[in-house]
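Here are my notes on the salt bridges and the chain interface. Have the structure open while you read.

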Amino acid sequence: MKRPDLEAIAQWVKPGSRVLDLGCGDGSLLRHLWLQRQAHGYGVEIDDAGVLASMRNDVNVLQLDLESGLALFQDASFDHVILSETLQTIHRIEQLMREMLRVGREAIVSFPNFGHWRDRAQVLLGRMPVSEELPHQWYDTPNVHLCTLADFEDLCARLGAQILERAVLHRGRDVRVLPNLLGSIAVYRVSA
Amino acid sequence: MSGSVGIVKAQRAAFERPFRFRSGAEIPRFELMYETYGTLNAARSNAVLVCHALNASHHVAGTYAGDPENVGWWDNLVGPGKPLDTDRFFVIGNNYIGGCFGSTGPTSVNPATGKPYGADFPVVTVEDWVAAQAYLADHLGIERFAAVIGGSLGAMQALQWALAYPERVGHSLVIASTPRLSAQNIAFNEVARQAIVTDPDFHGGHYYEHGVVPRRGLRIARMIGHITYLSDDAMMEKFGRVMRRAALGFDFDVDFEIESYLRYQGDKFSTYFDANTYLRITKALDYYDPAGDFGGDLSAAFARARAAFLVVSFKSDWRFAPSRSRAMVKALLDNRRIVSYLELDAPGGHDAFLLEDPRYHGALAAYFGNIEL
């Protein structure tokens, strides 16, 4: 697994737990969780290529649109519901977060921190940011809802969700000082 | 590279024992037609049963000697190097009981009368088909299938296998199907049945004795079916408003290409398919409802299943729309079963399950590739 947020997520998943990975891409996180933690579950992916790659990775994948909710899943049927690097592409984030906290005991969410100083600097210079974490041009991007650490924590408060743990990373390293300025990736563990 | 299974030969298994149908009716003996492709391994763990839908047969792949045009109905899926790889799996096609391609059905001779069963052949159900297939599995020495696969009505059999014989199925592949017909589905079937039974040549189902077949009824039944197999878009794409003649005829002969196509399909079908079988198949579809015994609770009905599932639907399929497949996926999730689900944005309508789409066949290849033998 190349993405550093996935390492952080994997460390929080308890061995043998049931996981739901929303926007699972090629299924590599689920495969990793199965091989390393004997954690099993399902991925949800809408993209044909992602679904096919997940099937080749021998993980359970369900081709569904997250925007239409998680109606197929029962309350509290998973230990962890994971949304990695997908939050920023979701239109109705508040609804999805509520759904995640309904079907999982815990939600794990990672996203690119729009508060990182380079993003702020680019905006100050009058441009939409383009960076390692946000490589797309503004006119051609799947990202519709970018946020900062502070914004996300506000949303959790609004949802009445409790932040259990937080990891802030930049180029694979933990960021402890001024995380909302120096961190480029944020990973949260949240419960209802 | 992928290729054909080549020349194949249909086989017949005879069972000298009574078969009792879900209705309670019984026949004293029965036969089932089947074909096999590939080799059963020493552990007998690589068998895959392919179940057919309405008009197909045991002839799933390859061709017959001297008849190169007669290619099996799922030849694009089954063969060496194909998604259902006969280098790895022992694949079995079968014609269900009550069919008209050699398995015991309405055209077979009733030992009690020495005449064809005709109208006296029992009404069959999906449960009956699967029970008969279980005898065929015993006959072939297969205790457990690596997988059972089917599309549409064939998928109902794949599902029923997982429910009726949970310990005998490793994987169930349920494609373009539904756990029960809707009122609209039943309505279409009833129109097809009425077309057949009101044909003056039907003779209450005993038309064999009169040396006729209710061809007009079968034709119309098939035309109705074809409309439901294609999506509006696919039909428009394929036929549009293309004319068969230079100008409007202002009569009731064929003006448009689609009319010609439906007439051709109806005519062709009426020369080879048995009307009594058609009636019974539509009833089997109408009656299938595994949740029926559980107050409509599909999750309770699926609790028996032990197989891993692959469920596939096609967005343009309005006959058995994706929402029906999602209901099955939900029931499997409720029971914490192993399941993957594909909802493909393919244009082909219900018939998409027979077409070669790289995403669809790629997924099936990946799924079969991961089945441990």
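1. Glu133(A) and Arg118(A) are both buried (under 20% relative accessible area; exposed is over 50%, partly exposed in between, 1.4 Å probe, protein chains only). They form a salt bridge, with the closest N and O atoms 3.3 Å apart (the rule wants a side-chain nitrogen of Lys or Arg within 4 Å of a carboxyl oxygen of Asp or Glu). Glu133(A) sits in the loop between α5 and α6 of chain A and Arg118(A) in helix α5, so the pair ties together parts 15 residues apart in sequence.

2. A word on the basis: this is a predicted model, where local features need pLDDT of at least 70 and side-chain atom pairs pLDDT 80 or more, while totals for chains, interfaces and linings use all residues. Residues are numbered from 1 along each chain as written, chains are lettered from A and ligands numbered from 1 in written order, and side-chain values use heavy atoms, without hydrogens or water.

3. Have a look at Arg158(A) and Glu94(A) too, which meet in a salt bridge at 3.2 Å, N to O. Arg158(A) is exposed at 58% relative accessible area, whereas Glu94(A) is partly exposed at 27%.

4. How many salt bridges cross the interface of chain B and chain A? The rule finds one: Arg359(B) pairs with Asp48(A), the closest N and O atoms being 2.9 Å apart.

5. As for contacts (heavy atoms within 4.5 Å), 21 residues of chain B touch 19 residues of chain A.

Definitions and conventions. Helices (H or I, at least four residues) and strands (E, at least two) are DSSP runs, numbered from the N terminus.
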